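Let's take a walk through this structure together, with the rings as our guide. Have the sequence and the 3D view side by side as you read.

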Amino acid sequence: MAGGLPALATLLLLLLAAAVAPLSAAVRPVSDAHRSAAAELFAASPDGSFGDLERTYEAVRTFQILEAEKDKSLTGKACKLAAEKLAFPSSSPAKDLFHAVRIISVLRCGVDSSGYDDVAARLKAVIKETNSLLELYYSVGGLLSIKEQGHNIVLPDADSAFHAIKALSQSDGRWRYDTNSAESSTFAAGIALEALAGIVSLANAEVDPSMIGVVKNDVVKLFDTIKSYDDGIFYFDEEHVDATEYKGPITTSASVVRGVTSFANVASVKLNIPGEKILGLAKFFLGIGLPGSAKDCFNQIESLSLLENNRAFVPLILSLPSKVLSLTSKDQLKVEVTTVFGSSAPPLIVNLVQVLGSDSKVISTENKELQFDLDNNVHYLDISPLKIDVGKYSTVFEISLQEPEHEAIYATGGRNTETIFVTGLIKVDKTEIGISDNDAGTVESVQKLDLQKDTSVSLSANHLQKLRLTFQLSTPLGNKFKPHQVFLKLKHESKVEHLFVVPGTARQFKIVLDFLGLVEKFYYLSGKYDLELAVGDAAMENSFLRALGHLELDLPEAPEKAPHPPAQAVDPFSKFGPKEEISHIFRSPEKRPPKELSLVFTGLTLLPFVGFLIVLMRLGVNLKNFPSLPAPAAFASLFHAGIGAVLLLYVLFWVKLDLFTTLKYLSFLGVFLVFVGHSALSYLSSTSTKQKTA
């Protein structure tokens, strides 16, 4: 198995993380992490809006509950969007009016209150005309939101609307969406209960108490259909509904929470709902952690807000600030009991009633009361008297309210089970390593190792011998300890590595490597092998990867068809490292003539040009045929200047310029000379022709 020291160390780290990771999925109250998640999920679009009316309401309502700061420009755009929808109520559906009114209620937008009359009239007309549960829900919810803003809104025919919604209920506590729907829905039950609560609030007279009692029974039947997990978490989900109507457990549970808490607030007597189911719903929403979508975030936060303050039961959440305790540091077992938003709980007592091991074995059944730290609002207990060793445990707590009247207000859930992980220093002793003969098993050499210190051994063996390694592990309480991972690694000097799992029993860990059966696995590679021992466990604070020494192994020659060692992995970052220095000897320069001879030869090459200048000076310059007119004279001057430029370019070529640069400049000068030379010579030719004809 190929790899290096960092690879094996990484394996141990991954092991520890994987073992502790399940403990991180704890039920904890709403925190700043939820506020950060909401800000990210409800981020405004480039135009500064949150989207349609429904998403806008979900965003502003979530921020309101979390008390998160909102950008004033975003608030202004949300108010403008809602006001534009309310300006034309007759052409707007009840759903849009419902969300627009609630946006204005949350943000307290400054809108003309007189416009609410048309909105209310529109919503009342929908209530009279429709038999759709959703239309009734939106219309009643919109009217209730207008009333909550201080306007006098009364639903004159409340009994008729109440019966219209109640007529859609089913015997199992669920509701249909309309009279044509064949299947009932749990989500519909939630919005039906919320609509019925709104009708009771809008009625100009008390609704028939008998009808309230019937709905209370429907609520009890609805909670009989609730689903649960083994850890006391309860939730609602749809059954036997069309795929297009399926909402999922989060949306469905949120709908029921909104409906039940709304109806509980208007009912004259308390609903007969078990407190442990209310607590289980709170644990369900908190167990979501940080939601992955804006819709789930809104449903989670609003549901928890309604459970925080309702007339049924207020759930109290028991949680552990830290689920990993160290025996070395003598950590205390700390417990927090708060509401879902982290508010302080009423006076209560927390008792540890049972401790179970990872195999469900009872460790302790002694009832121990936790002390209360008023300054930090935590209950704590010293775990030393419990004689808890390293490992994973299930702790069972029981919460008792000190005031009897609080039992009708708060839901504690009876017993609460939390998982803790106890770590400590593991003692490694009786470590021995040696070489024995293959036949009789006689040990030739045995050396004792102290793995707490840096020790090194030097061993030698051949293919007819065996390598033996034994050691023992014990916990801080002296019990035998069996870690998750124990490896022995042999690394050849050619970087080929071999990993072996060290088996363990209740008494000791022991591995015997029979080299006769391992010659093919070792690819017949003789030579020096480095020995390393790795021991790791999540409960072991002193997990280690330690070098034991080296082994000189003499193996037989490899046969012709023996397997070859695998190619070693190449570090992908090695290509960015320093390269090998290139040594190069240039060719010795050829012999050249002396400098003086070169200068004499250069002077001789210039003699013809000097002679040309002397002859030109003796003959004189003939300017008789130089044009006298301005334009031809200019072309002639430019022509001679161009010739001079070409001569100068030749000089620069010998002194400074290379061939390609010289040709580039010469191409431009050539075109220039052709143009001006043609003009000048054409003028001279025409002048000469005229003189001959004259």
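**Rings, charges and a buried serine**

The count of aromatic pairs comes to 16, where rings of Phe, Tyr and Trp (its six-membered ring) pair if their centres lie within 6.5 Å, and planes under 30 degrees apart count as stacked, over 60 as edge-to-face and the rest as tilted. One of these pairs is formed by Phe-98 and Tyr-137, which are tilted, at 5.4 Å centre to centre and 55 degrees between the planes. Phe-98 belongs to helix H5 (residues 94-107) and Tyr-137 to helix H7 (residues 133-148), so this pair ties together parts that are 39 residues apart in sequence. Helices (H or I, at least four residues) and strands (E, at least two) are DSSP runs, numbered from the N terminus.

Before going on, a word on the ground rules. This is a predicted model, in which local features need pLDDT of at least 70 and side-chain atom pairs count only at pLDDT 80 or more, while totals for chains, interfaces and linings use all residues. Residues are numbered from 1 along each chain as its sequence is written, and side-chain values use heavy atoms, with hydrogens and water left out.

Now turn to Tyr-235 and Phe-284, whose ring centres are 5.7 Å apart with planes at 25 degrees, so the pair is stacked. Here strand E2 (residues 234-235) holds Tyr-235 and helix H12 (residues 275-287) holds Phe-284, so the pair ties together parts that are 49 residues apart in sequence. Tyr-235 is buried at 12%, and Phe-284 is buried at 10%. Ring pairs also bring in Tyr-229 and Phe-285, giving a cluster with Tyr-235 and Phe-284.

Rings meet charges here too. Lys-247 lies over the face of Phe-187, 5.1 Å from the ring centre, and the charged end of Arg-546 sits over the ring of Phe-544, 5.0 Å from its centre. A charge sits over a ring if NZ of Lys or CZ of Arg is within 6 Å of the ring centre and within 35 degrees of the ring normal.

Our last stop is Ser-436, in strand E15 (residues 427-437). Ser-436 is buried, with a relative accessible area of 0%, and its side chain makes a polar contact with the side chain of Arg-468 at 3.0 Å. A polar contact is a pair of N or O atoms within 3.5 Å; within protein, one must be able to donate a hydrogen and the other to accept it, and residues adjacent in sequence count only if both atoms are side-chain atoms.

Notes
Buried means under 20% relative accessible area, exposed over 50%, partly exposed in between (1.4 Å probe, protein chains only).
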